[in-house]
Amino acid sequence: QAVVDAGGGVEVVAAMRRCPSEMAVQANGCAALFEIARCGGAWAQAVVDAGGGVEVVAAMRRYPSEKAVQANGCGVLVEIARCGGAYAQAVVDAGGVAAVVAALQAHPSEKAVQGNGCSALFEIARCGGAWAQAVVDAGGVAAVVAAMRRCPSEMAVQGNGCAALFEIARCGGACAQAVAAAGGAAAVVAA
């Protein structure tokens, strides 16, 4: 709480904006925002209000090959979306779904990216139809299924992958069809 009260989230985002070409600032900024947002509602809101979701997605786009940026960036998006619909919408509006899908595809053997990425897509999709559709539209179903196939012994990937596919399929219609077409049922059974 002291970090948020002192404006820590705002300062982290400001540093990330001032130093976009400094990978260490971007990686450490994502890690700091992840730690702040994981404290829950008011802290995640502080990250969103500071522009943290947008800045994290920008960092993920600037440094697609940096594992720390991708894993912590996905983690920030998990914690923001976990707080509910308005927060998930902030992630969607920032381009977070596409950034997560890109991270999953770019780091197939990085367990932290795969676990956090599947978790982020789950947290977004669990908010309901429009959010699940955003995951489908960004190629998230295929990315989750691929992650589950690549990491068969990783509980975080399997659990979050199953949860993401459930939430997407639960919306019915085109979302359920996307899960079926991507081999989601087989991935869940294999988990």
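Arg17 has a relative accessible area of 47% and is therefore partly exposed, the classes being buried under 20% relative accessible area, exposed over 50% and partly exposed in between, with a 1.4 Å probe and protein chains only. The model is predicted, so that local features need pLDDT of at least 70 and side-chain atom pairs count only at pLDDT 80 or more, whereas totals for chains, interfaces and linings use all residues. Residues are numbered from 1 along each chain as its sequence is written, and side-chain values use heavy atoms, with hydrogens and water left out.

Arg17 forms a salt bridge with Glu55, the closest N and O atoms lying 3.3 Å apart; a salt bridge is defined as a side-chain nitrogen of Lys or Arg within 4 Å of a carboxyl oxygen of Asp or Glu. This pair links distant parts of the chain, with Glu55 in helix 5 (residues 52–62) and Arg17 in helix 2 (residues 8–18), 38 residues apart, where helices are DSSP runs (H or I, at least four residues) numbered from the N terminus. Glu55 is buried, at 8% relative accessibility.

Across the whole structure, nine salt bridges are found. One of them joins Arg82 and Glu79 at an N to O distance of 3.0 Å, Arg82 being partly exposed at 36% and Glu79 buried at 11%. Both residues belong to a salt-bridge network that also contains Glu123 and Arg126.

A further salt bridge connects Lys111 with Glu154, the closest N and O atoms being 3.6 Å apart. Lys111 lies in helix 9 and Glu154 in the loop between helix 11 (140–150) and helix 12 (155–169), 43 residues apart.

Terms used. Helices (H or I, at least four residues) and strands (E, at least two) are DSSP runs, numbered from the N terminus.
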